[in-house]
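Here is a walk through one protein model, written to be read with the structure open beside you. Turn the view as you go and find each residue when its name comes up.

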Amino acid sequence: PVPEVMPTPVAVALAFGRFSLAFGRARKVLERLWAEVGTHPEVRLKRELWEGLLRQVYGDDVGTDSLFLQHTYLTILVKAIAARVLDLPVDDPAAVLSGRLLSDEGIVGAVEADFFDWPLIAEGGDDLVRSLAAGTERFRLRDVEVDVLKSLYESLIDPDERHDLGEYYTPDWLAARVVAAAIEHPLDQR
């Protein structure tokens, strides 16, 4: 077995970000799967519902196929990471994507089936999910102390695309300073 690595934001971004081998391979597989099942009625509906939500949030048509595939990739990884934080096995793609792994542990509503389980409809989609989920096993996720998901998202979505979406991020140090100045008793205030 490969020894587990501490999941720093940089390590996770290098392993799974837009310049990683994992993303490059997954993108090609997702493009192939999309070409295979993109017109399937259930898949089409998921894509249209996702695009409708983006339109509500951004006020414009920003939902490209490329962004949908990136969100699919990100969602697969996030759901696998959530399972791995609890040391749950990630070898059942349907259980990972549906949230069944967590609900079986009594954690309901944290991870559920959504727009991005569509790869399971395609031939080889379960292999992609299994492969990406297995990649998370090299990190000691039960010991995570920082927000690795934020860095993963920021490393995946191209900065120009984030700009076009109107997404700007407050640096952690500034957010902490604002919260410290505004909230005197964090456990008692909202």
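**A guided walk through the model**

Arg32 is partly exposed, with a relative accessible area of 43%; by the terms used here, buried means under 20% relative accessible area, exposed over 50%, and partly exposed in between, with a 1.4 Å probe and protein chains only. Arg32 sits in helix H2, residues 21-37. Helices here are DSSP runs of H or I with at least four residues, numbered from the N terminus. The C-alpha atoms of Arg32 and Ile107 are separated by 34 Å, and the two residues are 75 residues apart along the chain.

Some ground rules before we go on. This is a predicted model, in which local features need pLDDT of at least 70 and side-chain atom pairs count only at pLDDT 80 or more, while totals for chains, interfaces and linings use all residues. Residues are numbered from 1 along each chain as its sequence is written, and side-chain values use heavy atoms, with hydrogens and water left out.

Now look at a pair of helices. Two packed helices are described by the angle between their axes and the distance between the axes. Helix H3 (residues 41-58) packs with H4 at an angle of about 100°, and their axes are 11 Å apart. The axes are lines fitted to C-alpha atoms, for helices over the stretch in contact, and the angles run from 0 to 180 degrees between N-to-C directions. H3 and H4 are therefore roughly perpendicular to each other, a label for angles of 65 to 115 degrees, whereas angles under 35 count as roughly parallel, over 145 as roughly antiparallel and the rest as oblique. Which residues make the contact between H3 and H4? From H3 come Arg47, Trp50 and Leu54, and from H4 come Asp65, Leu67, Phe68 and His71. Contact means heavy atoms within 4.5 Å.

Stay with His71 for a moment. This residue of helix H4 is buried, with a relative accessible area of 14%. Leaving aside neighbours within four places in sequence, His71 is in contact with Trp50, Phe116, Tyr153 and Ile157. Thr75 is also found in helix H4, and at 14% relative accessibility Thr75 counts as buried. Not counting residues up to four places away in sequence, Thr75 touches Asp114 and Phe116.

Charged pairs come next. The structure holds 13 salt bridges, where a salt bridge is a side-chain nitrogen of Lys or Arg within 4 Å of a carboxyl oxygen of Asp or Glu. One of them joins Arg47 to Asp65, with the closest N and O atoms 2.9 Å apart. Arg47 lies in helix H3 and Asp65 in helix H4, so this pair ties together parts that are 18 residues apart in sequence. Is Arg47 buried or exposed? At 4% relative accessibility, Arg47 counts as buried, while Asp65 is partly exposed at 35%.

Another salt bridge links Lys150 and Asp172, whose closest N and O atoms are 2.4 Å apart. Lys150 lies in helix H8 (residues 148-156) and Asp172 in helix H10 (residues 172-182), so the pair ties together parts that are 22 residues apart in sequence. Lys150 is partly exposed, with a relative accessible area of 27%, and Asp172 is exposed, with 52%. Salt bridges that share partners also join Glu42, Lys46 and Asp117 into one network. Within it, Glu42 and Lys46 form a salt bridge with their closest N and O atoms 3.6 Å apart. Both residues lie in helix H3, four residues apart, about one turn of the helix. Glu42 is partly exposed at 41% relative accessible area, whereas Lys46 counts as buried at 13%.

Finally, follow H4 to Val85, which belongs to this helix (residues 65-85). At 32% relative accessibility, Val85 counts as partly exposed. Together with Leu86 and Ile107, Val85 forms a nonpolar patch on the surface, with about 200 Å² of accessible area in total. Patches are made of residues with over 30% relative accessible area and no salt bridge, joining like charges within 9 Å and nonpolar side chains (Val, Leu, Ile, Met, Phe, Trp, Tyr) within 5 Å. Accessible areas come from the Shrake-Rupley method with a 1.4 Å probe, and for residues only the protein chains shown count as cover.

Conventions
Helix = DSSP H or I, 4+ residues; strand = E, 2+ residues; numbered from the N terminus.
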